[in-house]
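The following exercises are to be worked with the sequence and the coordinates at hand. Each task is followed by a solution in steps.

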Amino acid sequence: MERRDGQILFSPSDLNGFLACEHLTALSLSGTPRPAGSDPQVELVRRKGEEHEAAYLAKLRAEGKDVREIELDGDWAAAAAATEQAMRDGVAVV
């Protein structure tokens with residue numbers, strides 16, 4: 001979640017968090033900080049998620065699908081524009 005120019009911008013991860021636990025979103029909106037330190041289980045889930053995503057993208061590419069990855073780099077507007085352009089270009093997987 002990011003606050004910009006008086007607006008709250010939600011990421012896909014924020015949506016997942018809301019679906020898993022509405023209270024998590026309420027805490028985020030209230031400005032409650034996340035617990036300090038790392039949780040080994042959270043790290044494991046993150047790592048496994050990244051491995052799954054990389055393997056799935058490799059599978060799609062091996063099947064000959066047109067795949068375009070969009071880098072966020074903190075610039076939501078640029079990422080949104082790149083995603084929109086990829087859709088206009090008819091890319092199969094964005």
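Helices (H or I, at least four residues) and strands (E, at least two) are DSSP runs, numbered from the N terminus. The model is predicted: local features need pLDDT of at least 70, side-chain atom pairs count only at pLDDT 80 or more, and totals for chains, interfaces and linings use all residues. Residues are numbered from 1 along each chain as its sequence is written, and side-chain values use heavy atoms, with hydrogens and water left out.

**Exercise 1. Residue Thr 25**

Task: State which element holds Thr 25, whether Thr 25 is buried or exposed, and which residues beyond its sequence neighbours Thr 25 is in contact with.

Solution. 
- Step 1: Thr 25 belongs to helix α2, which covers residues 22-30.
- Step 2: The classes of burial are buried (under 20% relative accessible area), exposed (over 50%) and partly exposed (in between), with a 1.4 Å probe and protein chains only.
- Step 3: Because its relative accessible area is 15%, Thr 25 is buried.
- Step 4: Contact means heavy atoms within 4.5 Å. With neighbours within four places in sequence left aside, Thr 25 is in contact with Asp 14, Gly 17 and Phe 18.

**Exercise 2. The fold as a whole**

Task: Determine how many helices and strands the protein has, what pattern they follow along the sequence, and what radius of gyration the protein has.

Solution. 
- Step 1: The protein has 4 helices and 2 strands.
- Step 2: Along the sequence these elements are arranged as β-β-α-α-α-α.
- Step 3: The radius of gyration is taken over C-alpha atoms, and the globule rule is 2.2 Å times the number of residues to the power 0.38. For a compact globule of 94 residues the value would be near 12 Å, whereas the protein has 16 Å.
- Step 4: Along the principal axes, the C-alpha atoms fill a box of roughly 45 × 35 × 20 Å.
- Step 5: Of the 94 residues, 12% are buried.
- Step 6: Among contacts between residues at least 6 apart in sequence, 39% join residues at least 24 apart.

**Exercise 3. Confidence**

Task: Identify which element has the lowest mean pLDDT and which the highest.

Solution. 
- Step 1: pLDDT is the predictor's confidence in each residue, from 0 to 100.
- Step 2: The protein averages 89, and 100% of the residues score at least 70.

**Exercise 4. Positive phi in two loops**

Task: For Asp 5 and Asp 73, give the phi angle, the loop and the exposure.

Solution. 
- Step 1: Asp 5 has a phi near 50°, a positive value in a residue other than glycine.
- Step 2: Asp 5 sits in the loop between β1 and β2 (7-9). Asp 5 counts as exposed because its relative accessibility is 76%.
- Step 3: Asp 73 is not a glycine either, yet its phi is positive, at about 50°.
- Step 4: Asp 73 occupies the loop between α3 and α4. With a relative accessible area of 72%, Asp 73 is exposed.

**Exercise 5. Lys 65 and Val 91**

Task: Locate Lys 65 and Val 91, and state what distance separates their C-alpha atoms.

Solution. 
- Step 1: Lys 65 is in the loop between α3 and α4. Its relative accessible area is 41%, so Lys 65 is partly exposed.
- Step 2: Sequence neighbours within four places aside, Lys 65 is in contact with Leu 60 and Val 93.
- Step 3: Val 91 is in the segment after α4. Its relative accessible area is 10%, so Val 91 is buried.
- Step 4: Lys 65 and Val 91 are 26 residues apart along the chain, and their C-alpha atoms are separated by 8.6 Å.
- Step 5: For Lys 65 and Leu 27, the separation is 38 residues in sequence and 40 Å in space, C-alpha to C-alpha.
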